[in-house]
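Subject: A structure for you to explore

Hi,

Here is the structure I promised to pass on to you. Have a look at it first, and then read my notes below with the viewer open.

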Amino acid sequence: MSRKKHKAKQKGVYEMKVLFAIFEAEPFAKSGGLGDVGGALPAYLKKAGCQVRVIMPKYSGIGSIYRDKMRRVAKFQVEVGWRRQYCGLEELEHDGVIYYFIDNEYYFKRDGFYGYYDDGERVAFFARAALESLLYMRDFKPNVIHANDWHTALIPVLLKEICGGLPFYYEMKSVFTIHNLKYQGQYGLAVMDELLGLRGHTAPYEKMGLADGVNFLKGALLYSDAITTVSPAYAQEIQHAYFGEGLDGVLQARAGVLSGILNGLDYELYDPATDRALFANYSSANWANKAVGKRRLQEMLNLPVQADTPLVTMVTRLTEQKGLDLFFHIAEELLAEDLQLVVLGAGEWQYEQHLRWLGSCYPQKFVPCLTFDNDLAMKIYAAGDLLLMPSRYEPCGVTQMIAMRYGNLPVVRETGGLKDTVRPFDEYAKTGTGFSFANYNAHELLFTVKSALHLYGHNRPLWDKLRQSAAEERFSWLDAAQRYVRLYEKIGARA
Ligand code: GLC
């Protein structure tokens, strides 16, 4: 930063303004890691020196303690193709950050967040609504709009194609962050006219087009001024066909503006010393109560109460991404070992059925908890000795970071954020914060778990040393936020 800018910044004159658009943000809405990011990163961007505001849908599931405090800023009509839809703009300050909520009951008064037949129309509405909302935000004209995942991918597209001709939007830049490349928003060509009002615009057909359709995420990749993803390793991986989900070519072409910024963990929220969900609190300075948590969980789940039997855990969405196929392939061999296994998660039907069946075969050793229950998840992190995360791909992953903090050593596949966050056990240097294996191969998973169990059984002092290193590892949101700010400056966003 130049001296002049630096001085101005110190005086508070210069301040980058960022509008952060995302479909999930804790504590308002969370179905996975995206919600953690929406809840944590904005406050850290503020600490890193920007003025940041967040914009997201007003879902009916948002708790009334928040809904009741929202204040209406404006109401207006938004064009969605040939339709004109009501849009309310509401605001609420949370954690020192202003959150805006886009209100439209037709689109957002539904259970959950996604998975509806008209998701394409809902995200098209949201993108237009977010861009038009800028005109109603007092004292806040962003220099950058930072969009996240396919749900907000149309923002950079429409910013250039629809708003680009209007002076108000001239200098606005856009950043797009990929949290999961698998979900892209692919529709028939008709949506260009039907939802986006882009008939007659040639560029979007070239940029977002597939052979016979439109890909919203591809649009974001080609229209944004910078692209990020949530770990350096994933930023490299997605430029190859195995991880590229069909967009590796586009990502290679955009490699010059693509970078990986590792997510952080909120160490105040995830702290075994204060976590109210735990049976007993403990810290890395005094581990004694971790054993209490293990005993109480064994009692609660009707497992034999055995302090020295390793407790292996999984806390996961039950989807292919999370490596469940590997797990099932070796589950019975794993259950032949002297261990207990607890899996918490909900998701695809065939995985749930498989887990139920395994549970009925090994009632003394294996308990499937087929739900998404945050309190129980925390109890499991705290009680566990090992946490399995054999993901096929993992943009960043939060589970392994939480597990480390709670002294539950992760066994991960070396991919994406897992590779960037877990230091694998080195038996010669006697260091590490977990265990890892390279290939998407079930027996590599099994052998890695077996060698971890061996260490647990035969060298507890070394095990305790790894556990200590894991609990003391820090993935800082402030670091991440500072990197984003440097990126905003680099793409020439001018305050
Ligand atoms: C997605 C990814 C996960 C990442 C999270 C937040 O849920 O699957 O790896 O941690 O987004 O960026």
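Lys141 sits over the face of Phe168, 5.0 Å from the centre of the ring. Please keep in mind that this is a predicted model.

How many aromatic pairs does a search of the whole structure find? The count is 26. One of them is formed by Phe28 and Tyr66, an edge-to-face pair with 5.0 Å from centre to centre and 75° between the planes. Those two values are given because a pair of aromatic rings is described by the distance of the centres and the angle of the planes. This pair links distant parts of the chain, as its two residues are 38 residues apart. Phe28 belongs to the loop between strand E1 (17-21) and helix H2 (33-47), while Tyr66 belongs to helix H3 (residues 64-67). Is Phe28 buried or exposed? Its relative accessibility is 4%, so Phe28 counts as buried.

Ring pairs join Phe23, Tyr59, Tyr106, Tyr107, Phe108, Phe113, Tyr114, Phe125 and Phe126 into a cluster.

Now for the ligand. There are 13 residues around the ligand, and the ones that come nearest are His179, Asn263, Glu394, Cys396 and Gly397. By type, the shell around the ligand has 5 nonpolar, 6 polar and 2 charged residues.

- Gly397 has a polar backbone atom 2.7 Å from a ligand oxygen.
- Cys396 has a polar backbone atom 2.9 Å from a ligand oxygen.
- Gln321 has a polar side-chain atom 3.2 Å from a ligand oxygen.

On its own the ligand has 310 Å² of accessible area, and the protein covers 93% of that.

Where is Gln321 found? Its place is the loop between strand E12 (311-315) and helix H14 (324-335). With a relative accessible area of 4%, Gln321 is buried. Besides the ligand contact, the side chain of Gln321 makes a polar contact of 3.2 Å with the side chain of Glu394. Another polar contact, of 3.3 Å, joins the side chains of Gln321 and Asn180. Glu394 is also among the residues that come nearest to the ligand.

Finally, the backbone. Most residues other than glycine have a negative phi, and most peptide bonds are trans. Here are some exceptions to look up. The peptide bond from Glu26 to Pro27 is cis, with omega near 0°. Pro27 lies in the loop between E1 and H2, and Phe28 is placed in that loop as well.

Which residues other than glycine have a positive phi? Asp139 is one of them, with phi near 55°. Asp139 is in the loop between helix H5 (119-133) and strand E6 (144-148), and its relative accessibility of 71% makes it count as exposed. Lys430 is another, with a positive phi of about 60°. Lys430 lies in the loop between helix H18 (416-421) and strand E17 (435-437). At a relative accessible area of 39%, Lys430 is partly exposed.

Enjoy exploring, and write back with any questions!

Best wishes

How values were computed. Residues are numbered from 1 along each chain as its sequence is written. This is a predicted model: local features need pLDDT of at least 70, side-chain atom pairs count only at pLDDT 80 or more; totals for chains, interfaces and linings use all residues. Side-chain values use heavy atoms; hydrogens and water are left out. Rings of Phe, Tyr and Trp (its six-membered ring) pair if their centres lie within 6.5 Å; planes under 30 degrees apart count as stacked, over 60 as edge-to-face and the rest as tilted. Helices (H or I, at least four residues) and strands (E, at least two) are DSSP runs, numbered from the N terminus. Buried means under 20% relative accessible area, exposed over 50%, partly exposed in between (1.4 Å probe, protein chains only). A charge sits over a ring if NZ of Lys or CZ of Arg is within 6 Å of the ring centre and within 35 degrees of the ring normal. A residue is near a molecule or strand if one of its heavy atoms lies within 4 Å of it. A polar contact is a pair of N or O atoms within 3.5 Å; within protein, one must be able to donate a hydrogen and the other to accept it, and residues adjacent in sequence count only if both atoms are side-chain atoms. Accessible areas come from the Shrake-Rupley method with a 1.4 Å probe; for residues, only the protein chains shown count as cover. Ala, Val, Leu, Ile, Met, Phe, Trp, Tyr, Cys and Pro count as nonpolar, Asp, Glu, Lys and Arg as charged, and the others, Gly among them, as polar.
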